[in-house]
Amino acid sequence: MGNSTSSPSNRKQAKPSNPLISLQDYSSLYSSPIRRTQCDAPPGPPPPLPPPDAATSSAAPPPPPPSSDAPSKPEDDAIAQAAANSSPYTNPGPYEALSMDAKRLVALDTFEGFRCDVNKQMSPSMLVMHSFALSPASAASSSPMQGGPPPPPPSSYTFITQVGDDSGGIFVSRVDTARGGVDARMHRPLLGGLALLKLQMSLSGSENDTLLAEVDVGTAIPILTWTANLKYGSMGGGPVWGANYWQAITPNFLMGGEGMYIAAQGTPAAAYAFKYKFQAPLTPQEQEQVEAEKNKSGAAAPPPGPPGMPPPEAPGASSIIGQFHSNGMMTLNYRRVVTPQRVTVGSELAFPFFAPFNDPPDLLLGAEFNLTRSKLAWSMDCNTWKFNSILETKLGMSPMAPRFTLSAAVDHFNQDFKFGYSINIDG
């Protein structure tokens, strides 16, 4: 046991020559104070886990909701500004186009023979078109059908050029070899788009030469509820003055009028017009189609259009247009959307408004059917039972695909039939 109290240095001096460690040396190692400090007690238990509510209570509180004084995002400001600028009123458009959508359903541009139109885009701002027409020799000597175009010449060639610039101006020229005339038209915006200057010229070496200057006000500004037009020029060998005004009284009711004086005729002419837009009641079949479209798209109504522009037409959207002329004739046009962008029907009734009622009323009916790649237009004159129809189809899926057209005008009672076909090629 005496060796247990001796220091390790003494043991190394007592046995320097023995490289092995004796049993007493092992016992001295285990009985040393340093080794005993490593084994005097087992490790204690781990600390207890925190209670479940401790993590929640120690977490940081949620951030407070943003205050109303916080700055909004630029996207939110743009949406709010667009909503504030939106209005149920829309620009009524020019007075000359008030009944264009309804009249095109009953006044079809039928023709006889063959037509070929070739359009070529020379540059982003220049377009040229070559138009060829061939018709039977009998067509030139026959009388025109009621409601149809005048008899065409046996053959004709027309060259048209259209040029636009960055400011919105348009220049159009037309050379017609059939009548030996030249037509020109120029549109130029003024005052930052508030007004539009239009110049029109038609020269053929006859007394029908025309030179007319017009100024449209308000047609290019969507948020305006009125438009106006002033015109002055020469027509029929004498001066001509004219003006018109078109106003949206309510979002669905518009009124306006036009006055013109042609010195060659010696009498002034005036016209007054109104237009009323409304939602016609739907049939049960149309209501089922509307419900099917709602379920398919998941929207209760079609999305609104841009501010100041007319919204997309819904099923049953209808309009009535009335025009009273100074000669005592009254014209009523009706247009109704059966299926949006698919089926549209229309009618026109013309009758004398004041006595004596010498002229019988004229009633025209028309319809337009838009299919996937074709369009069928049909009209009928209820007084003479004459039918006009035009079938137009695309010869391909590309937007620039050629268009093939078939035209027919049929008068069964007088055994008068006119047929034609045409092709339109875009390049």
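Predicted model: local features only at pLDDT ≥ 70, side-chain atom pairs only at ≥ 80, totals over all residues.
Residues are numbered from 1 along each chain as its sequence is written, and side-chain values use heavy atoms, with hydrogens and water left out.

**View 1. The aromatic pair of Tyr-276 and Phe-278.** Across the whole structure, a search finds 13 aromatic pairs. Tyr-276 and Phe-278 form a stacked pair, with 5.6 Å centre to centre and 15° between the planes. Rings of Phe, Tyr and Trp (its six-membered ring) pair if their centres lie within 6.5 Å; planes under 30 degrees apart count as stacked, over 60 as edge-to-face and the rest as tilted. Tyr-276 is partly exposed at a relative accessible area of 38%, and Phe-278 is partly exposed at 26%. Buried means under 20% relative accessible area, exposed over 50%, and partly exposed in between (1.4 Å probe, protein chains only).

**View 2. The aromatic pair of Phe-353 and Phe-354.** This pair is edge-to-face, with 5.0 Å centre to centre and 85° between the planes. Phe-353 is partly exposed at 42% relative accessibility, and Phe-354 is partly exposed at 48%.

**View 3. A cluster of Phe-114, Phe-404 and Tyr-421.** Ring pairs link these residues.

**View 4. Ser-374 in strand S16.** Strand S16 covers residues 374–381; strands (E, at least two residues) are DSSP runs, numbered from the N terminus. Ser-374 is buried, with a relative accessible area of 18%. Leaving aside neighbours within four places in sequence, Ser-374 is in contact (heavy atoms within 4.5 Å) with Phe-369, Glu-392 and Thr-393.

Note on methods: Helix = DSSP H or I, 4+ residues; strand = E, 2+ residues; numbered from the N terminus.
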